[in-house]
Structures are given as structure tokens and as C-alpha cells.
Amino acid sequence: MEPLLGSDHAVERIVKREILSCPPDTPVLEAARKMATQRCSSIIVIDQGQPIGIWTERDALAIDFDDHESFVRPIATVMSHPIKTVHYKTSIGDTGLRFQMEGVRHFVVVDDSGHPIGIVSQSDVILRHGVEHFLVLRNVRSGLAKPMVAIDGNSSLKQAVAQLRAARADAAVVLAADNGEPGIITERDLVRVIAADGPLPACVDSIASRPLLCVSEDDSLLAARSLLEERHIRHVGVKDASGKLKGLLSFSDILFSLQYEYVQRLDEALRERDEALLRSRKDLHLARKVIEASLDGIMICNPQGLIEFVNPAFTQLTGYTFEDVFGKNPNILKSGRHDEAFYHRMWGTLERDGVWQGEIWNRRKNGDMFPEWLTINVIRDDHGVISQYAAVFSDITERKKAEERIKNLAYFDVLTGLPNRRLFTDRLQVAIANAHRHGQRLAIMFLDLDLFKRINDTLGHGVGDTVLVETSKRLGQCVREGDTVARLGGDEFVVLLPELEQMEDAAKLAERVISHVKAPFVIDEHELYVTTSVGIAVYPDDGQTVEQLIKNADTAMYRAKDLGRNAYQLYTPSMNARSFERLAMESSLRHALARGEFTLVYQGKVDLVSGRLSGVEALVRWRHPEMGLVSPAEFIPLAENMGLIGDIGAWVLKAACRQCKSWHDLGLPPVRIAVNVSALQFREGDVPAIVAEALRESGLPPNYLELELTESVLMQRVDEVAHVLRELRQMGVHISIDDFGTGYSSLSYLKRMPIDALKIDRSFVHDLLEDGHVADGEGAEIVSTIINLAHNLRLRAVAEGVETEEQADFLRAKGCDEIQGYLISRPVSGEDLVSLFDRNLLPPS
């Protein structure tokens, strides 16, 4: 009989001794090239001779394919760590079970000292160990464990990756755009795209592999494995008798099938072993050797049911020696967890079928209870008379723990330990039924951490995960016993209040949650401040189903974000209307640029000494064909969330440069044109390249272009920002800081940046006035301080939002260089601005 999967052989028999490795500073694309060249599905990151992490084809799903910086990022920033290891003496069967439980496809095999000696993968278990006797008995249909993931061939690579990630799949069927033959895309294809380091494919159809090799669902798993091995592939399509594509079969699915069958096949093997024992009665010595070598506990009883033999494994598993149990009834092992009816059914089955098998709890000699998988066979002599009962059992404690872990994974969030979406939905369904039955109310609160992405982007996902864990603890401290706090994913949490007596109770809890969350987090010497936006929906007023309540609480939460964050909002029907309006605006915004709906207006800046026009700021406007003029305050954040701000910003830059050049061509006094660059546009786009293209196309000299950045741009990735600003300065472009004083600037950062001007925020200029007159209050002190700071740093000071002569006189007296605001001119078209050139625009002082 062939050995069972993992019963006798250790994983060292199938380990691959060659380890593909790279240092931690290796760019992702270089690591991908190594993997593609070696046709290897993982690479170990080695630092000073020690493995510190692993990057696999699975990790390629986490790469942002729209951001080329992701391809050149050091592998250490995206690797998985700590490394999952397995001892070289671990059985192959246990290794296969760990693959299934831990959701990975590679283990680093280590020796007794912890040093790596090789790599083992799921496919190694299938290809390099004798499991053919399992595979030939099972058809392909039994191995289809997951639903098929199908991707439209016209989808972008980013959409395809998102779909694979959401389905937790390693491959997907690609549906041809022309209804032709389907193809397949796998994680290995994504690694090849990264390794190529070229332009991304226009659609996923262009990198799909064709033809998709298929097998019939009635074929054996052995035939499917042979095809995978022969073609050096890891996935094959499965079709039914009619030729319809049913799904994809992979090595992982085959391994899962083997583990599912493990116990059943073990019992079959043990039954064969018992039969071999009967056939070997004439050679009792040999039979005893076989039994004594078994790792399973074996107990043989006489026809009266008294113990006459146990093997060493019995003693190891129960603690009882042969002397302890000889001549005694096996009921000394009883745990007390089974009633008499259970044992009555067991003996009834034995008498009827001659065999009984199942799970049973017994008690060790030290009193500990443990679960075991037990098989009892009736042994008869040549005349059919019962001569013995043979019981074979194995301790399944670890298997029970694994089942419990799987259950927890299904219902609880791995990171925080909170209920996940599935468990929360179940509890909410029960709470709704109970509230309906008793005529009560309940409430759910939808929470989202404000600007949480910044923490992950700047400090890393490790710090971000710590914030999420700490947040979950703080939420747990806020709620009552009986309430449920769950994590839906990312930085989204939800709270269920199953019994709500007063609406004020939900509001008070929301205030308590907001207060607890905004307390500072101290993590790795970083003091972080996080806020949360909360939306509240109440049953039955705001919805009577799980879906309605979650959707409406989510809508209320977004309303809280729109109103400034760090607050809560109760759901109202008008929010739903606002939500539909937002969707309509998103749809229109996607086409606004192509339809030519954007336009620029211009507001002049005036030199406070000469009174002449010294510069112009370009401001974008959206003229919607139905909604009319849409405020930038509405569509700019929307464009950032939709990923359109880069295209809009590039259009504004080019249009502003063309307009400024046209003024120069008219012979008007040359002025500098200022264009705002958002933090997202600066972070995600190649600003120097875009600026160079705009200047080249328009013919505008670089010294007549000024870019206005907010303080938040300077505070993110300071070294990278400084490098980009120096590159722009070398081109001759001017840089100013917009809305200065409203952020968190540091003088050390300002000194490192090549900046030309500070723009005093309009709120400070507005605070100069008290009862229509300039007063020596806090506002005046702030404005004076900023002007002095600018001059001390050899920068120009520009004041925004100047509306009165008193404000202008004060700013002139304090040495401010330029002003901008309604006192000079409202934003006007390029044609109307011509009248402001070459004349004194300041009222007489």
C-alpha cells in the first residue's frame, strides 16, 4: 500500500534547495524580472545573510499599476513578513494542511537552527509526492472549490487586479470583447507586466493567455494534474458535458481536495491494516511490529470487550500503560460528554455492520479530555465467530483547533478580532426581527476614519494597522453590553445598538465615539491625531432591511464628511437626494473635459508700491449645461476622489500658459501667470514634465509662470518635494505657498524649499477689520508676523482677499509686496482683464 499523504514522509523529501533571493533595496520590477526569468513564483529578501521577508506572485495584486513609483519601490516596502516557515521534519500532510489554513502558497523550509534550506510550494506537494492513488479516484468536479471569476476583456489592468483581489483569486477567465474564445490571466501575468517596465496594456484582453486549456469535469484529478505538469501551467479550465465553461482548477484546489479526503482515506488505510493483521495471524511477531510502529493508538479487546493489547502510541496518546488497562473495560477512557444513547447506537452499528467510525471525546489518565477519530472493527475467525474488537484512533485536537480557526476567519476580522461584515449582517438581521416583534427601535452607526490613507502613505501600513487596532479598542470602551462593534474593512467600522429608547442615546454615543477616537495615538514615537465621521440610521424610520440601514447610515456618514468631518449626522431623506445628485455630478464630471465645459477666469495681483498689475491668478470654472456654474469647492474634491484632478490640472496649466502668452503677443506689459497645483496632483503626477510640456506648447518663457502650492504639499515626503521644486526652479518657474498660515508649516521646511512668495490667507486679511476699521488685534499681529517672516526669508508677501481701502493701507504700511482681491477686481475673462493692464489700480491713499 502506498503511504498516505504526509503520514510517513517529511517535507525535506520534496523541498527545492535553490532559493531565489535579492537584497531589501532591490526595486520591485527587478525582483519581478528575476522571478519571470527563473519561472519562480516567489523571491526571498535577504539582509546580511538572514531572510527578512518574501515577495510572491500573490503580492503582485497589492501593486498599484497606475502608479509607476510602485514598480521602483524597494522590495522591502512591499514584501510579506515575517516569513512563513516550516520545519524540515514536518510531515507533508501537515504542511499541506498549513497551506490551506494559512492561505499561502510558499513556505521557507528551515533546519533545527532556523536557517533556511529551501522553498516548498503547494505544487511541490502535488507534483513531487506520491498522491496518484488519491487523484485517480476523484473527478475534476470534486475539486472545484470556488466560483469562477470572469473579467470583461475591455477592463483596465487596474480594474482586473481589483476584481482578482476582491475575489481572493489567483486567476480569472478573461471574456473576449468580440465574444471569441475566452482567455486567462494569472498572478504570474501581473509579475511579467511589472518586469516588462513598459507602458501598461490598454486592456486586460491584450495580456490574456489563449487558448484556455480545458478538461472535462468528469475527468480524474490525476488527468488534470498531468496536463498541468505537462504544459508547465498552474490553471486549467473545466467544462461540463455541454461544453460550457464551469470554472478554473488549480494546484491549490487539488491540494484542498486531498486535505478534505485525508481523514477518510486514513480510516480506509487503517481498515486495510486491520485486514492485514487478520491475514498475518500465523506471523504474530510481524503483526506486532507493524502495530507498535503505528503513530495511531491501537487497542484490541477480547469478545467480552476487555482490553488485551495496546500499542505504544496508545500509551503516548492516553497516558495509560499496558499494565494500567490490561483486562479492564475501555470505559475507563470515558469523558462523560456522551450519554448512554450514544454508546448504544455505537454498539448497534458494530453488531449490524461490523465497523463503527466517528468522532468521540475521551479522557487521558491525567484527566484531560481530548477529541479523537475512532474506528472500531469486529474481527471474526474462520467460522464467523467474534474473536476480537480492534480500535484504532488518532488525536484530532489540532484539526479541531484548525476548524475553529477557519470558523473565526469566516466571522471575525483577523486584525482587530472584531466581528466582520458577515457576522455583523447576521446580528443585524436578528436585531431587526426582534425589534419588529416587540415594536422597538434600533440604530446603526457607520464610522470612517478621516484622511486615514495619509497615515498608510506616510508612515506605512504597520502604523496604520496599529491605529485600526487601537481604534477598535476605543470603540469597545464606548458601547454598552449587548451592542456590537464590527469592522467592515479598511478603516470602516459599524456599531449596532439593538435596543434604542431615545434618539438622543445614539447621538450621545456618536459624540462619545468621536471624542475617544480623536484623542492622540502614540505609536513608534509618532503622535498621531485621527478623527472620525459618523452616520446614523434608525430602524424602522430610515430603513427596514439590513441593506437599507447600512446604505443610509453610509450616506449620512458621507454627509458628515462633506460638512467638515469629525462629526456625526443622522440620516434624512434629503441626504438620499443629495447622494443621487452627487452621482449625477460624478457622471457629468467624467465627460466635462472632453466636452469643453471648463473655462478659466483671471484675478489680478497689484504691486503695492507702483499700483500696477504685477501678476494674474488663473482660476478654473465648470459651466455645467444643466446645473450652470458649479463651485470649485464642489467639483475639485470630487475630481480628486475620482482620479480626474491630474487631467483637469494639466488642462488648466496649458490654457493659462496660452492665455498669458497671448497677452504678451498683444504688446501688453508682461505679467506672471499663477496656477494652483493640488496636493494630490503634485503627489501623483509628474509635475515638471507637465509644466515643461505646457511651456513648450505655448511658447511662454518659464519666468512668467508661477505655481501655487498649499502647505500640505510641503509637509508630505519633504525630500522628494524639495527635489521636484528645485527641478522647477532650474527651469525658471516661480513657486509660492498659497493660504499660508492655515496648515502646519515648519520654518526648517521653508528654508529647505526653493520658494519665491508666501500668500497670506484671506481669513487673516478678513480678521484685520473690526466694525469696518482696521484694529490692532490678533488678526493684525498674525498678518504682520507673516509679512516679516516672508521678508526675513527673502520672499515676497502677497495678501489674498483684500476688499477695502483700509486693509490695503494697513498692508502697504506693513511692507506687504502685493495684494489680490475684490478691491482690485473680481475674477474676469481673459478679454476683460486687458483693461486692467498699464494703469494704476490702487485707490488714492
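Visitor: Where does Arg826 lie on Tyr822?
Guide: Arg826 lies over the face of Tyr822, at 4.0 Å from the ring centre. A charge counts as over a ring if NZ of Lys or CZ of Arg is within 6 Å of the ring centre and within 35 degrees of the ring normal. This is a predicted model, where local features need pLDDT of at least 70, side-chain atom pairs count only at pLDDT 80 or more, and totals for chains, interfaces and linings use all residues. Residues are numbered from 1 along each chain as its sequence is written, and side-chain values use heavy atoms, with hydrogens and water left out.

Visitor: And Arg474, which ring face does that lie over?
Guide: That of Phe521. The distance from the ring centre is 3.7 Å.

Visitor: New topic. How many aromatic pairs does the structure hold?
Guide: It holds 12. Rings of Phe, Tyr and Trp (its six-membered ring) pair if their centres lie within 6.5 Å; planes under 30 degrees apart count as stacked, over 60 as edge-to-face and the rest as tilted. One of the pairs is Phe322 with Phe326, which is tilted, at 5.2 Å centre to centre and 45° between the planes.

Visitor: Why does Phe322 count as partly exposed?
Guide: Because its relative accessibility is 32%. Buried means under 20% relative accessible area, exposed over 50%, and partly exposed in between (1.4 Å probe, protein chains only). Phe326 counts as partly exposed too, because its value is 49%.

Visitor: What about Phe598 and Trp622, how are their planes set?
Guide: That aromatic pair is tilted, with 40° between the planes and 6.2 Å centre to centre. Phe598 lies in strand E25 (residues 598-607) and Trp622 in strand E26 (residues 613-624), so the pair ties together parts 24 residues apart in sequence. Helices (H or I, at least four residues) and strands (E, at least two) are DSSP runs, numbered from the N terminus.

Visitor: Is Phe598 buried or exposed?
Guide: Phe598 is buried, and Trp622 is as well. Ring pairs also link these two with Phe635 and Trp651 into a cluster.

Visitor: Which residues touch the most other members of the largest nonpolar core?
Guide: Among them are Leu589, Trp663 and Leu811, in a core of 85 residues. Helix H22 (residues 645-665) gives the most to this core, with 9 residues. A nonpolar core is a set of buried Ala, Val, Leu, Ile, Met, Phe, Trp, Tyr and Cys residues joined through side-chain atoms within 4.5 Å.

Visitor: What does Leu811 touch?
Guide: Not counting residues up to four places away in sequence, its partners include Leu608, Val783 and Ile819. A second, separate core has 35 residues, including Cys22 and Val193.

Visitor: Helices now. At what angle do the axes of H16 and H17 cross?
Guide: Roughly 145°, and they come within 7 Å. Axes are lines fitted to C-alpha atoms, for helices over the stretch in contact, and angles run from 0 to 180 degrees between N-to-C directions.

Visitor: Which residues meet there?
Guide: Phe452, Ile455, Asn456 and Leu459 in H16 meet residues of H17, including His461 and Val467. Contact means heavy atoms within 4.5 Å.

Visitor: Last one. Why does Met346 count as buried?
Guide: Because its relative accessibility is 5%. Met346 is in helix H13 (residues 340-353). Not counting residues up to four places away in sequence, Met346 touches Trp356, Ile360 and Ile376.
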